[in-house]
Amino acid sequence: MIECSVAPRMGRQPLTTRAALSHVALRLFLERGFDQTTVDDIATAAGIGRRTLFRYFPSKNDLPWGDFDAELARMRAFLAATDTTVSLVDALARAVVEFNRFPSEEVPFHRERMNLLLNVPALVAHSTLRYAEWRFVVSDFAAGRLGVAVDAIEPTVIGWVFLGASLAAYEQWLRTDGSNLIELLESALLLLKEGFTLGELPTVGPGGQA
């Protein structure tokens, strides 16, 4: 559990980065509950005005996502830099793993973030918009490799399948203490690569260990 004390201190510098504002919001959501926390509460805790907060995040529902647009851009750049000799599935699997790799100090925040996104009804509904943006990055890359339109059935299915594998890994990570997110993602993506030939795959324990 991350520290939840967010009372502003006299003389503190205002927080004006997406990551910092997202962290403040996460602490308040954990302390008070998502529905009970107002935008004004978050702005006050961050030492900024309500209008300034809305310049960074268009709604309260966007705050747990942090700088998601920048992360999507990073994923696009990673895929664009992938050698064309790497297979489509391998290229996407590597990108998904890198997209979900966080510094150790960020992991507690990310765990709490995903708990909220997958369990708070208002955020679950809002997440469909963000997941669509993520799927588009995957589908767009797949479409380029396959030489088809991005809305063709093949890249559309690929986008949904990779999202499903990622969410399955996250659900396992959140419900299993001590599990390793990256190992779970790699195991889930290996299922895709091997075409679900379960009899040929190593058994993965609850902690993500083979």
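Me: How many cavities of 30 Å³ or more does the structure hold?

Reply: A cavity is defined on a 1 Å grid over the protein atoms alone, as a set of points where a 1.4 Å probe fits but cannot get out; a lining residue has an atom within 4 Å of a point. Grid points are joined across faces, edges and corners, and a volume is the space filled by probe spheres set on the points. The structure holds 1 cavity of 30 Å³ or more. The elements that give two or more residues to the lining of the largest cavity are α4 and α5 (88-99). Helices are DSSP runs of H or I with at least four residues, strands are runs of E with at least two, and both are numbered from the N terminus.

This is a predicted model, in which local features need pLDDT of at least 70, side-chain atom pairs count only at pLDDT 80 or more, and totals for chains, interfaces and linings use all residues. Residues are numbered from 1 along each chain as its sequence is written, and side-chain values use heavy atoms, with hydrogens and water left out.

Me: What volume does the largest cavity have, and which residues line it?

Reply: The volume of the largest cavity is about 30 Å³. Its lining is made by R74, M75, F78, A95, E98 and F99. For classes, Ala, Val, Leu, Ile, Met, Phe, Trp, Tyr, Cys and Pro count as nonpolar, Asp, Glu, Lys and Arg as charged, and the others, Gly among them, as polar. On that basis the lining of the largest cavity has 4 nonpolar, no polar and 2 charged residues.

Me: How is a pocket defined, and where does the largest pocket lie?

Reply: A pocket is an open set of points with protein on both sides within 12 Å along at least five of seven lines. In this model the largest pocket holds about 480 Å³ of space. Domain 1 (18-60) and domain 2 (67-194) both give residues to its lining, so the largest pocket lies between them. The domain bounds come from an automatic or database domain assignment.

Me: Which residues lie nearest the centre of the largest pocket, and which helices supply its lining?

Reply: Of the 25 residues that line the largest pocket, F68, E71, F102, H110 and R113 lie nearest its centre. At least two lining residues come from each of α1 (18-32), α4 (68-80), α6 (107-119), α7 (121-146) and α8 (153-175). By class, this lining has 13 nonpolar, 6 polar and 6 charged residues.

Me: What does the secondary structure of the whole chain come to?

Reply: The chain has 9 helices and 0 strands. Residues count as buried under 20% relative accessible area, as exposed over 50%, and as partly exposed in between (1.4 Å probe, protein chains only). Of the 210 residues of the chain, 43% are buried. A contact means heavy atoms within 4.5 Å. Among contacts between residues at least 6 apart in sequence, 64% join residues at least 24 apart.

Me: Is S22 buried or exposed, and what does it contact?

Reply: S22 is found in helix α1 and counts as buried, at 0% relative accessibility. Leaving aside neighbours within four places in sequence, S22 is in contact with F57, L63, P64, G66 and R113. S22 and I42 are 20 residues apart in sequence and 9.2 Å apart in space, C-alpha to C-alpha.

Me: Where does K60 lie, and which residues does K60 contact?

Reply: K60 lies in the loop between α3 (50-56) and α4. At 17% relative accessibility, K60 counts as buried. Apart from neighbours within four places in sequence, K60 is in contact with F29, F34, D35, T37, V39 and I42. Between K60 and F34 there are 9.1 Å in space, C-alpha to C-alpha, although they are 26 residues apart in sequence.

Me: What does D140 touch?

Reply: D140 is found in helix α7 and counts as partly exposed, at 31% relative accessibility. Not counting residues up to four places away in sequence, D140 touches R76 and V150. D140 and V150 are 10 residues apart in sequence and 5.3 Å apart in space, C-alpha to C-alpha.
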